[in-house]
Amino acid sequence: MSIDPNDYEFLSSLVAKRSGLALGAGKEYLLEARLLPIANSLGLTSLAELVRRLRTSRDESLAATITEAMTTNETLFFRDRTPFDELRDQLLPDMIAARQTTRRLRIWSAAASTGQEAYSLLMTLRESFPQLAGWRIEMIGTDISQQALAKAKNGIYSQFEVQRGLPIQLLVKYFRQVPQGWQITDDLRSSVTFRTLNLLESFTSLGEFDLIFCRNVLIYFEQINKTAILDRMEKQLRSDGYLVLGAAETVLGVTNRFQRVRTCKSAVYSPTKSLQTV
Amino acid sequence: MKTLLLVDDSRAVRLATKRMVAPLGIAILEAEDGSQAWDRIQEHPEVDAILLDWNMPVMDGITFLRKLREDKTQPQPAVIMCTTENDLPRILEAMQAGANEYIMKPFTEEIVREKLAGAGIL
């Protein structure tokens, strides 16, 4: 199937205008692979029909879905699911029991990007641990990208984004519909502090955490920096706290300051110092 | 093998959805409206989940859903609304009627896969 050059130009400039992603020439296969299923889901059989629909209807949600399908954005709500399930079923119950006197929980989403992870963590707490009402819950999301954090703070996500990983029951409970899409409720948004942070810099100003999520970001660092980051994270983690890495990430060969929590399927680690103090 | 019933008056949408879910190893049945869907679940009580459009001739999706959930003698598969009705009041209405999940059109393969997994049929 070939794409009409005018349609190609229309779609690539739509994506460029909305995301800044320059598709360039010769990406017909990519447009077709990503956009044809979207067209089909509307009962349209070709990209030409999809472009016609866009030109005539000015359908905002369609334009947004197309943009996101073209920009590979892998941040989604409850990404990989299992770490959140294990947090709910295994890690948090013990952690909460051990903190009955301080009634305080500090959580760090260390590669927060556009905020989905931090909000997913908060939703997990709200949904499964109503006994935490009255506790001091501090959720901190950091990222190097100010642009990503601006979006995280606004908490506005497109129709496409709220359908990735987020059960509908949580959408209707924790979001409100706004002209640009769906916005996290003020209550939940005000429960997270987002701030800019380069993982190569000091973490000491962040304080000590019970739980650190640092997923799918270490892969972008050289070995020596990975070691330095993990070692500094260990200093910010309570001895009975947990570090959660991405599914394909490990501390093996990087640092010996963490040990894998064997009862978890996902990449959950506890500080080795917790063994030394026993 | 799990069984999914696709209910949509657009043959093109049914075809596209079928193409998305076929590689997942699910048996697929089809219906063009709520009335046909009712017949299908009589013939195939083994249906595990229904992907249900809202606006259809003869019997629309929400009417079918209410009828299904009110009749306790019927099998009660998971129902995923799959529609261009994307406003919050409509979503709430469908959930109140007994929908388990909701897909807002247009959708992608990833969305369908994740919603089916959420409904327990993957």
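**A close look at chain A**

A: Happy to! In chain A, 71% of the contacts with a separation of 6 or more are between residues 24 or more positions apart; two residues are in contact if their C-beta atoms, placed from the backbone, lie within 7 Å. This is a predicted model, in which local features need pLDDT of at least 70, side-chain atom pairs count only at pLDDT 80 or more, and totals for chains, interfaces and linings use all residues. Residues are numbered from 1 along each chain as its sequence is written, while chains are lettered from A and ligands numbered from 1 in the order in which they are written.

Chain A has twelve helices and ten strands (DSSP runs numbered from the N terminus: helices are H or I, at least four residues; strands are E, at least two). Along the principal axes, its C-alpha atoms fill a box of roughly 70 × 40 × 30 Å. Of the 278 residues in chain A, 41% are buried, meaning that 20 or more other C-beta atoms, placed from the backbone, lie within 10 Å of the residue's own.

Now the domains, whose bounds come from an automatic or database domain assignment: chain A is assigned domain 1 (5–70) and domain 2 (82–276). Their C-alpha centres lie 34 Å apart. Four residues from domain 1 and five residues from domain 2 make up the contact.

Finally, the partner chain: 19 residues from chain A meet 24 residues from chain B. On the chain A side, helix H2 (28–41), helix H4 (60–70) and helix H9 (168–174) each give two or more residues.

Key
Buried ≥ 20, exposed ≤ 12 C-beta atoms within 10 Å, placed from the backbone.
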